Amino acid sequence: MTTSTSATAATYGYQDLDRLLAHMTGDEKHGPAATSTLDAIWVLYDRVLNVSPATADDPARDRFLLSKGHGPMAYYAVLAAKGFFPESLLADFGSYGSPLGHHPDRTLVPGAEISSGSLGHGLPLAVGSALGLRAQGLTGSKVWVLIGDAELDEGSNHEAIAYAGPTGLQQLHTLVIDNSSATHGWPGGIASRFTAAGWSAVTVDGRDHDALYEAFTAPHPGRARAVVARVESSS
């Protein structure tokens, strides 16, 4: 992970996110992919994740992995709002020499845990991260991965779901942004795919901050957790 440049970065609130997003232009085709994730990412960083610019390299930190790496503008806006890097970086988003690319690069973006953009990799990486933490005895650290509903078209995710359930990876949390963009869908809804594999899973309104917080923090002893956040958008 890169070292945070937060020494010169201000911190902001949810009301500032639209303004921060407005700095980033040139990837409007992926705008819905960003706006559909904004509320869920904000609630995680504002109220749930045990990570900050000061603890970004702490082995005991929580990890957030953005598997839905296309359209990362909401992710960048939240990182800037939380002081991981200065707001001034946002205006150069996607330009030559900017650390903020159209897909996040973990070696360039302060606070980013993985490089992403090729869909279907984030959940398997999160499984490996949870296993690694457990092997090191860091059982208090949580791993969160955000995937899109269309990513469930990728077979690698189903292998990860099938493995994590019986393994009892309690530290693993998957946030699925469901904006009805999947090709196939799942009988009974996305949450049923996880519960069938032994996960704890729930579906909530992806714009309701209190509902998201309750779903994110609900106990799930001995089981991996999946939160499906429904939003009225498409990407």
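**Burial, salt bridges and helix packing**

Colleague: Why does R193 count as buried?
Modeller: R193 has 13% relative accessibility, so R193 counts as buried. Buried means under 20% relative accessible area, exposed means over 50%, and partly exposed is in between (1.4 Å probe, protein chains only).

Colleague: What kind of model is this, and how is it numbered?
Modeller: The model is predicted: local features need pLDDT of at least 70, side-chain atom pairs count only at pLDDT 80 or more, and totals for chains, interfaces and linings use all residues. Residues are numbered from 1 along each chain as its sequence is written, and side-chain values use heavy atoms, with hydrogens and water left out.

Colleague: Where is R193, and what does R193 contact?
Modeller: R193 is in helix 7, residues 190-195. Helices (H or I, at least four residues) and strands (E, at least two) are DSSP runs, numbered from the N terminus. Neighbours within four places in sequence aside, R193 touches H158, I161 and W186. Contact means heavy atoms within 4.5 Å. F64 is 129 residues from R193 along the chain, and their C-alpha atoms are 22 Å apart.

Colleague: What makes D39 and R207 a salt bridge?
Modeller: Their N to O distance is 2.9 Å. A salt bridge is a side-chain nitrogen of Lys or Arg within 4 Å of a carboxyl oxygen of Asp or Glu, so the pair qualifies. D39 sits in helix 3 and R207 in the loop between strand 4 (200-205) and helix 8, so the bridge ties together parts 168 residues apart in sequence.

Colleague: What ties D46 to K82?
Modeller: A salt bridge, at 2.5 Å from N to O. D46 is in helix 3 and K82 is in the loop between helix 4 (73-81) and helix 5 (122-135), so parts 36 residues apart in sequence are joined. D46 is partly exposed, because its relative accessibility is 35%.

Colleague: How do you know that D16 bridges R19?
Modeller: The closest N and O atoms of D16 and R19 are 3.7 Å apart. D16, at 16% relative accessibility, is buried, while R19, at 35%, is partly exposed. A salt-bridge network links D16, R19 and E87.

Colleague: How many salt bridges does the whole structure hold?
Modeller: The search finds eight.

Colleague: Why is helix 3 called oblique to helix 8?
Modeller: Helix 3 (residues 38-48) and helix 8 (residues 209-217) pack at about 60°, with axes 10 Å apart. That makes helix 3 oblique to helix 8. Angles under 35 degrees count as roughly parallel, over 145 as roughly antiparallel, 65 to 115 as roughly perpendicular and the rest as oblique. Axes are lines fitted to C-alpha atoms, for helices over the stretch in contact, and angles run from 0 to 180 degrees between N-to-C directions.

Colleague: Which residues make that contact, and what classes are they?
Modeller: From helix 3 come D39, A40, W42, V43, L44, R47 and V48, and from helix 8 come H209, D210, L212, Y213, F216 and T217. Eight are nonpolar, two polar and three charged. Ala, Val, Leu, Ile, Met, Phe, Trp, Tyr, Cys and Pro count as nonpolar, Asp, Glu, Lys and Arg as charged, and the others, Gly among them, as polar.

Colleague: What makes helix 3 roughly parallel to helix 4?
Modeller: Their axes come within 9 Å and cross at roughly 30°. That angle makes helix 3 roughly parallel to helix 4. L38, I41, W42 and Y45 of helix 3 meet A74, Y75, V78, L79 and A81 of helix 4. This contact has nine nonpolar residues, no polar and no charged ones.

Colleague: Why is helix 4 described as largely enclosed?
Modeller: Nine of its nine residues are buried, so the rest of the structure largely encloses helix 4. The cover includes helix 1 (17-22), helix 2 (31-35), helix 3 and strand 1 (63-66). G83 follows helix 4, with a positive phi near 85°.

Colleague: Why is helix 3 described as largely enclosed too?
Modeller: Nine of the 11 residues of helix 3 are buried, so helix 3 is largely enclosed by the rest of the structure. Among the buried residues are D39, W42 and V48.
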